[in-house]
Amino acid sequence: MQNDMLRFLGLMRRAGKLSVGETGTGKSVRAGQARLILLASDASGNAQDRAEGFASRANVPLYRLHAEKAALGDALHVAGGSMAAVCDEGFARALIGKFPEDMDRI
């Protein structure tokens with residue numbers, strides 16, 4: 001299940017519908033494009049605080065993934081990055097449908 005979700009995130013990135021990292025996520029929020037914010041399971045407390053602020057500002061859900069930063073970075077072909085913003089309503093709904101029942105909404 002987790003590998004499917006990570007592959008789906010990679011598809012979104014290739015489609016240009018996923019912003020990665022704090023800078024990209026913040027930019028998507030400020031542009032009004034963010035529909036869902038994701039946080040790596042091992043994100044720092046500071047990263048979680050920033051992600052919560054972004055989610056609040058954009059009025060979108062924030063979920064903690066069952067994937068660490070390294071796995072997220074590998075799937076998205078980026079170095080690091082503890083958060084990401086999904087910038088398409090259809091992709092956001094489809095991704096939420098793939099979440100396991102014990103997925104943590106923050």
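D4 and R7 form a salt bridge (a side-chain nitrogen of Lys or Arg within 4 Å of a carboxyl oxygen of Asp or Glu), and their closest N and O atoms are 2.5 Å apart. The structure, which holds four salt bridges, is a predicted model in which local features need pLDDT of at least 70 and side-chain atom pairs count only at pLDDT 80 or more, while totals for chains, interfaces and linings use all residues. Residues are numbered from 1 along each chain as its sequence is written, and side-chain values use heavy atoms, with hydrogens and water left out.

**Pair D4 and R7**
- Both residues, D4 and R7, sit in helix α1 (residues 2-14), three residues apart, about one turn of the helix; helices (H or I, at least four residues) are DSSP runs numbered from the N terminus.
- D4 is partly exposed at a relative accessible area of 39%, whereas R7 is exposed at 53%; buried means under 20% relative accessible area, exposed over 50%, and partly exposed in between (1.4 Å probe, protein chains only).

**Pair R50 and E22**
- A salt bridge links R50 to E22, with 2.6 Å between the closest N and O atoms.
- R50 belongs to helix α3 (residues 45-58) and E22 to helix α2, so this pair ties together parts that are 28 residues apart in sequence.
- Both partners are partly exposed: R50 has a relative accessible area of 32%, and E22 has 35%.

**Pair E89 and R93**
- The side chains of E89 and R93 meet in a salt bridge at 3.7 Å, N to O.
- Helix α5 (residues 89-98) contains both E89 and R93, which are four residues apart, about one turn of the helix.
- E89 is partly exposed, at 39% relative accessible area, while R93 counts as exposed, at 57%.

**Residue T25**
- T25 is located in helix α2 (residues 21-30).
- With a relative accessibility of 0%, T25 counts as buried.
- The T25 side chain reaches the backbone oxygen of G21 at 2.8 Å.
- Leaving aside residues up to four places away in sequence, T25 touches S19, I37, F54, M83, A84 and A85, where contact means heavy atoms within 4.5 Å.

Notes: Helices (H or I, at least four residues) and strands (E, at least two) are DSSP runs, numbered from the N terminus. A polar contact is a pair of N or O atoms within 3.5 Å; within protein, one must be able to donate a hydrogen and the other to accept it, and residues adjacent in sequence count only if both atoms are side-chain atoms.
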